[in-house]
Amino acid sequence: MARDEYETRHKRQAQGIAKARAEGKYRGRRVNEALHQDIRDQLTLRRSYSYIQM
């Protein structure tokens, strides 16, 4: 029963997102490319995840 409700909710959410994308109202989550590039650079320099978080 709970699984059926979960699946129905998931399908309806996907339908709503598809409709909004078709109307140009939803583009998804924005990505901060500068931040991602900085993290990639620091990982290339073999910095630890703890150091990068600071």
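Helices, as the term is used here, are DSSP runs of H or I that hold at least four residues, and they are numbered from the N terminus. The model in these exercises is a predicted one.

**Exercise 1.** Work out which secondary-structure elements the protein chain has and in what pattern they follow along the sequence.

*Solution.* Begin with the count, which gives three helices and zero strands for the protein chain. Then read along the sequence, where the pattern is α-α-α.

**Exercise 2.** Decide whether Tyr-49 counts as buried or exposed.

*Solution.* The cut-off for exposed is over 50% relative accessible area. Because Tyr-49 has 64% relative accessibility, Tyr-49 counts as exposed.

**Exercise 3.** Compare the radius of gyration of the protein chain with that of a compact globule of 54 residues, and describe the extent and burial of the chain.

*Solution.* A compact globule of 54 residues would have a radius of gyration near 10 Å, whereas the protein chain has 19 Å. Along the principal axes, the C-alpha atoms fill a box of roughly 50 × 35 × 15 Å. Turning to burial, 6% of the 54 residues count as buried, and the chain exposes about 5,600 Å², of which carbon and sulfur atoms supply 50%.

Key. Residues are numbered from 1 along each chain as its sequence is written. This is a predicted model: local features need pLDDT of at least 70, side-chain atom pairs count only at pLDDT 80 or more; totals for chains, interfaces and linings use all residues. Side-chain values use heavy atoms; hydrogens and water are left out. Buried means under 20% relative accessible area, exposed over 50%, partly exposed in between (1.4 Å probe, protein chains only). Helices (H or I, at least four residues) and strands (E, at least two) are DSSP runs, numbered from the N terminus. The radius of gyration is taken over C-alpha atoms; the globule rule is 2.2 Å times the number of residues to the power 0.38. Accessible areas come from the Shrake-Rupley method with a 1.4 Å probe; for residues, only the protein chains shown count as cover.
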